[in-house]
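Colleague: I am new to this one and would like to learn how to read it. Could you walk me through a couple of features?

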Amino acid sequence: MRGLCQLRDRGTRCLLTGRRLHRRGPRRAAGRRPACRGGGGSGQLPDGRAVHRGRLTAVIASSHGRTVLIVGAGLGGARTAKQLRAAGFDERITLVGSETHPPYDRPPLSKQVLAGKWPPERTQLLSEPDVAELDLDLRLGAGVASIDGSEVLLETGDRIGFDDLVIASGVSARTLPGQPSHAALHVLRTLDDCLRLREHLTAARSLLIVGGGFIGAEVAAVARTQGIDVTMVEALPLPLARVLGATVARQCADLHRDNGVRIVGNATIEQFVATNGAAGVVLAAGETIEADCVLVGVGTVLNTAW
Ligand SMILES: Cc1cc2nc3c(=O)[nH]c(=O)nc-3n(C[C@H](O)[C@H](O)[C@H](O)COP(=O)(O)OP(=O)(O)OC[C@H]3O[C@@H](n4cnc5c(N)ncnc54)[C@H](O)[C@@H]3O)c2cc1C
């Protein structure tokens, strides 16, 4: 409690940024609780409780007996819990995640873990002892289905009350219209996605990557180290052009080509095809490209449906 009391002595300030939380002047409506925007979109529910969305870096200074509920046990959720404790918040923190795994780091999923160089455990952001030391109420394996007043409703039907709600539910892999569900078709967002793809690649001779973003590029590089034939189809003239610009994208494309990756730019997918063992796409230009394994890496969508 020491940290909180010290903070209160200095007036109401954000626990993490130290900024004053009071709005000055007449703009502050009577009865509204002060909130720190902390660089991400923050706001209040109609009854005045604080909600912090998106790129959250701060939470409000809470009073004794309050519960902070964090929805999303990914990097953002885990870091928020850690920072709250580091800043002296020692009231209840509940961290709810829809995945069954404790919080883990995703970047190695398209690199070291996919390549089999790291065991999945090495990506863990919070170990069991960490959870105990931070005194977190960690609830995994059931997502939040909706917010109902001062409670959230889990997919299991259970309810959890909160005073302050942190939304850290991140994103999911985007899929394309007409993309069928098929054993040979993959996306890569979660540890389970990674392990499925890794296993499939051990038996695959060919890989088709739909989408030339970072994840597609990284998976292409890993697959080539395993001797797999890789074709990458990209809607733009060059992979990575949107994020890196044409000059660097051209250099990256050259590296991939030198490494044996076939790149098909300006590609429009007409439809997916799937047979027993393989899957593929038909391009508007007329070519059909099939492979033992297909990865669709075309960006993400916000997990805001709940
Ligand atoms: C394969 C891969 C490689 C990457 N490589 C890099 C890299 O090299 N460099 C880099 O900077 N970034 C990289 N990233 C991006 C980086 O991982 C993300 O920026 C980061 O994961 C964002 O963290 P987050 O906590 O905001 O969201 P997320 O990681 O998406 O976590 C959100 C969590 O909330 C859960 N959730 C969603 N809805 C609910 C709900 N209703 N109830 C409860 N839980 C819910 C989700 O299951 C998820 O576990 C990579 C991502 C991937 C997938």
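Modeller: Gladly; we will talk about the nonpolar cores and then the ligand. Keep in mind that this is a predicted model.

Colleague: Where should I start with a core, and which residues have the most contacts inside the largest one?

Modeller: The general idea is that nonpolar side chains tend to be buried together in soluble globular proteins. Here, the largest nonpolar core is made of 26 residues, and L197, L207, I209 and V219 have the most contacts inside it.

Colleague: Which helices and strands each supply at least two residues of this core?

Modeller: The helices are α4 (191–203), α5 (214–225) and α6 (241–258), and the strands are β12 (206–210), β13 (229–233) and β18 (293–296). Residues also come from both domain 1 (2–169) and domain 2 (173–302), so this core lies between them.

Colleague: Could we zoom in on one residue? What is I209 in contact with, leaving aside its neighbours within four places in sequence?

Modeller: I209 touches G216, V219 and A220, then V230, T231, M232 and V233, and also L295. Apart from this core there is another, with 17 residues, including A184, L208, A267 and F272.

Colleague: Now the ligand. How many residues surround it, and which are the closest?

Modeller: The ligand is surrounded by 26 residues, with G76, E99, R106, K111 and V144 the closest. V171 instead uses a polar backbone atom, 3.3 Å from an oxygen atom of the ligand.

Colleague: And how much of the ligand's accessible area does the protein cover?

Modeller: On its own the ligand has 1000 Å² of accessible area, and the protein covers 74% of that.

Key: Residues are numbered from 1 along each chain as its sequence is written. This is a predicted model: local features need pLDDT of at least 70, side-chain atom pairs count only at pLDDT 80 or more; totals for chains, interfaces and linings use all residues. Side-chain values use heavy atoms; hydrogens and water are left out. A nonpolar core is a set of buried Ala, Val, Leu, Ile, Met, Phe, Trp, Tyr and Cys residues joined through side-chain atoms within 4.5 Å. Buried means under 20% relative accessible area, exposed over 50%, partly exposed in between (1.4 Å probe, protein chains only). Helices (H or I, at least four residues) and strands (E, at least two) are DSSP runs, numbered from the N terminus. Domain bounds come from an automatic or database domain assignment. Contact means heavy atoms within 4.5 Å. A residue is near a molecule or strand if one of its heavy atoms lies within 4 Å of it. A polar contact is a pair of N or O atoms within 3.5 Å; within protein, one must be able to donate a hydrogen and the other to accept it, and residues adjacent in sequence count only if both atoms are side-chain atoms. Accessible areas come from the Shrake-Rupley method with a 1.4 Å probe; for residues, only the protein chains shown count as cover.
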